[in-house]
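Student: I would like to go through this model and ask what lies behind some of the labels used for it.
Tutor: Go ahead.

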Amino acid sequence: MDEAVLSSWRRLRDRALEEAARPVSRERLSANRLLAGIAATGALILGSIRLILGRDHPVAIVLVDNDLIIHSVAGDRSFVEGLDAAGLGEGRSAVEDAVGTNAIDLCLRERRPMVTSGWHHVSADLTNTMIAAAPLFGLNTALHGAIALVSDASVGTDTLSGLALLCAESTSAQMGAVETSGNLDRMLVEQRAIIDSISDGLLVVDEDGRVRHMNAPAGRILTLNPEQSVGRRFAELLDFEPIIAPIFRTGIGYYDRELIIDSGRRHLHLIDTAIPIKDAQGKVQSVVNTFREFNRAKRIAQQIAGSPVRYTFDDIIGTSDCLRHAIGDAHKAALGTANVLLNGPSGSGKEVFAQAIHAHGVRRDAPFIAVNCAALPRELIESELFGYVAGSFTGAQKGGRPGKFEMASGGTIFLDEITEMPLDLQAKLLRVLQEREVTRIGATRPIPVDVRVIAASNRNLKDAIARREFRDDLYYRLHVVSITIPALKDRRSDIPMLATHFLRKYAASAGKPVFTISDAALRSMAEYNWPGNVRELENTLERLVVLSDGTEIQRFDPPGDARPPTPPPPAMPPALKSLREHERDVIAATLIHVDHNVTKAAEILGIARPTLYSKIRDYGIVLQRTGSDRMYRPDSGRT
């Protein structure tokens, strides 16, 4: 913490904080004419600062004279009203006795830039506020006051303090020019230099529709000469209706609106913001319009939304011939821009290869967008890939949204599980690859894209074509460079190297000593088929590290469903019988089957009835009819 903040706390403690840190009544308006001369430029500066901070952060510019009387406060109305309620309103005093510890008071005490944020402020009304203030020096280092930027506490300290310092430096230069010679031209030149240094277009249009200011980027984007445009009606300079015209009537501006202009002389795709500047009665006096080219905004968004590229060819582990052949082909493919098709089973590392190809190619600094076609619902995949315009379907975001192909323009898009894409979308994808342009859902105007496609599949595409599940023309468009990534079972010699790598990785993440693995465990791993490939091997070793109590993996047992089935115990050989015993058993079973009907049994056995009777007597078989109470005993011949 800055020692100046601590000193302020001590002073307030000594003065009974609960009585001191209260807003005082309005004192007087500052009579500083130099501040009055630069206050009118606050709207231009404020528009630039809003553009930099973004619409999510409210902001106000506060000018204070060297007596700590607040000369003016410009910014978002509701935010300015909140500051006034906290004691930082026009005509109030910013002294720490009135509003507690704050950067405005401290910067004039210390004669240097200061920042206070959140809990630095002892006033409860300022706990969610950040203040960055810088002193305003004139000639001979005369202190004329301070300029402060006030925003919410979520803004970065460096960002807000840098902007405050820039405003202070430019404002001090203006004050010095006015103080020495009253040379207003120099002040305007400096203001223009500040505004022209912004890469986005900025123009100010008054209530009569005349251009009051236009910076150089705005002239470039709109193909207008800024100097010749000032003073002329904005509608006369353009061959389309200005979108900011209704703001003078409604008083309602907008932020970050996507604007597509397709007129006779201009084809523009912009992100547009318009802020109305109103007088005390609420009438719109002018509109500050800032805009940037969509492609530039898209590049910023791509850096945020693009998939992180974590892998290069150095991260592909293994020395087997089949893997080295695949890596060699991928190296060659990376140097060009042709489409690449990666074939390989799940878990073999297709995305690692895709990222490595991107990282090694000329598009390495451009976005890498990964799309899993199997993970996207059927009704969303088209909008995700190709984007949509406002109102194109129920649930669409207001203002529309660019698709993955637009976001990847200039870089690489990785389409994983390409065979899961529906056939009708395959036709649209084919057109995108052929024409190098996409048309959003609900739009008619195509948008050019420059994107390299890397597709991947764990299925045999030729079989999918034969089953009419994949278009053959799309296959040949993607199959410019085809690389087959081997399954782990086809490069078993790489298993020891991979195992060592994963053991070190997960031992470090678990905070355990470096693990080793026994030869017996390695042999078991080499004998296992690894249906999940490298992904399964990695997960297995992570589990072994987590569950192990020692520092060596001594054994590896394949999963239960991967072990060879245990053979059943050999059946006990049946007890051996003589031919006579077998014959007796057959006759007895046959008699039971025919309900002891000797005639039927003799027919089945293929012997004469007297012969069967003889054998029955010989074997002592008892004849019994289940349908009667009679029983025949062959040995007695009686019933």
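**Labels and their cut-offs**

Student: Why is Y311 called partly exposed?
Tutor: The model is predicted, and in it Y311 has a relative accessible area of 28%. Buried means under 20% and exposed means over 50%, so Y311, at 28%, is partly exposed.

Student: Where is Y311 placed?
Tutor: Y311 is in the loop between α14 (294-305) and α15 (321-334).

Student: Which residues does Y311 contact, leaving aside its neighbours within four places in sequence?
Tutor: They are V352, Q355, A356 and A359. Each has heavy atoms within 4.5 Å of Y311, because that is what contact means.

Student: What makes the approach of D206 to the backbone nitrogen of D208 a polar contact?
Tutor: A polar atom of the D206 side chain lies 3.0 Å from that nitrogen. The cut-off for N or O pairs is 3.5 Å, so this pair is inside it. The D206 side chain also reaches the backbone nitrogen of R210, at 2.9 Å.

Student: Which residues does D206 touch, not counting those up to four places away in sequence?
Tutor: R212, F248, Q285 and S286.

Student: What makes a set of residues a nonpolar core?
Tutor: The members are buried residues of the nonpolar kinds, joined through side-chain atoms within 4.5 Å. The largest such core here has 32 residues, and those with the most contacts inside it are F405, I413, L415, I418 and F470. Elements giving two or more residues to this core include β12 (368-372), α17 (378-386) and β13 (412-416). Its largest share, five residues, comes from α19.

Student: What does F470 touch, not counting residues up to four places away in sequence?
Tutor: Its partners include I418, L423, L461, I465 and L478, and also T419 and Q426.

Student: How much of the chain counts as buried?
Tutor: Of its 639 residues, 45%. The chain exposes about 32700 Å², and carbon and sulfur atoms supply 51% of that area.

Conventions. Residues are numbered from 1 along each chain as its sequence is written. This is a predicted model: local features need pLDDT of at least 70, side-chain atom pairs count only at pLDDT 80 or more; totals for chains, interfaces and linings use all residues. Side-chain values use heavy atoms; hydrogens and water are left out. Buried means under 20% relative accessible area, exposed over 50%, partly exposed in between (1.4 Å probe, protein chains only). Accessible areas come from the Shrake-Rupley method with a 1.4 Å probe; for residues, only the protein chains shown count as cover. Helices (H or I, at least four residues) and strands (E, at least two) are DSSP runs, numbered from the N terminus. A polar contact is a pair of N or O atoms within 3.5 Å; within protein, one must be able to donate a hydrogen and the other to accept it, and residues adjacent in sequence count only if both atoms are side-chain atoms.
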